[in-house]
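User: I would like to go through the pockets and the helix packing of this model. Please keep the answers brief.

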Amino acid sequence: MPKLVREKVPEFYKKEGYRVETKQVAGDELYDALLKKLQEEVNEFLAGKDAEELPDILEVLHNIASFHTITPQQLEEKRNKRAEEKGLYTAGVILEKTSF
C-alpha cells in the first residue's frame, strides 16, 4: 500500500536489497498524504504508547502547518498562547458535565 515516507527511507530499503518504486507528490495530494500519515503515526503511538513515535507526529504536524503558512516557531507561539488563555492538560482536569 503506497504511503508517505521520509525522503531517506527508500535508500534504506535499497541498501537492504529491496527493489523500491516511488513517486513524488505535491500540493493537494501531498496534503492528503500528510493527513493520512498523521493518522498512521497517532495510531502507532496509541497502539504502543512508544514515545519514539512523538517526533514523527511532530514532524508531520510541522509539514501540515506549513500548508497553512505556519512555521514551527509560529506553531509553538500559538501553542503557548493557547496555554496562557486556556491552561494546560498537565493538571488532569476531566470535564464530566456542563449544564445551564
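User: Which helix gives the most to the lining of the largest pocket?

Analyst: This is a predicted model. Helix H1 (9-15), helix H2 (27-48) and helix H3 (54-67) each supply at least two residues of that lining. With nine residues, the top contributor is H2.

User: Which residues lie nearest the centre of the largest pocket?

Analyst: The space in this pocket comes to about 1500 Å³. Its lining counts 34 residues. By class, 14 are nonpolar, three polar and 17 charged. Nearest the centre lie Lys3, Leu4, Val5, Arg6 and Lys23.

User: What is the volume of the second largest pocket?

Analyst: Its lining consists of Arg79, Arg82, Ala83, Lys86, Gly87, Leu88, Tyr89, Ala91, Gly92 and Val93. Five of these are nonpolar, two polar and three charged. The volume is about 330 Å³.

User: Are H2 and H3 roughly parallel or roughly antiparallel to each other?

Analyst: Two packed helices are described by the angle and the distance between their axes. Here the axes of H2 and H3 come within 9 Å and cross at roughly 155°. An angle over 145 degrees counts as roughly antiparallel. H2 and H3 are therefore roughly antiparallel.

User: How many nonpolar residues are in the contact of H2 with H3?

Analyst: H2 passes H3 in a left-handed crossing. On the H2 side, the contact is made by Gly27, Leu30, Tyr31, Leu34, Leu35, Lys37, Leu38, Glu41, Val42 and Phe45. H3 brings Leu54, Asp56, Ile57, Val60, Leu61, Asn63, Ile64 and Phe67. By class, two residues in this contact are polar, three are charged, and the nonpolar ones number 13.

Terms used
Residues numbered from 1 in each chain as written. Predicted model: local features only at pLDDT ≥ 70, side-chain atom pairs only at ≥ 80, totals over all residues. Heavy atoms only, no water. 1 Å grid on protein atoms, 1.4 Å probe; cavity = no way out; pocket = protein on both sides within 12 Å on 5 of 7 lines; lining within 4 Å. Points joined across faces, edges and corners; volume = space filled by probe spheres on them. Helix = DSSP H or I, 4+ residues; strand = E, 2+ residues; numbered from the N terminus. Nonpolar A, V, L, I, M, F, W, Y, C, P; charged D, E, K, R; others polar. Axes fitted to C-alpha atoms, helices over the stretch in contact; angles between N-to-C directions. Parallel < 35°, antiparallel > 145°, perpendicular 65-115°, else oblique. Left-handed = near helix turned anticlockwise from the far one by under 90°. Contact = heavy atoms within 4.5 Å.
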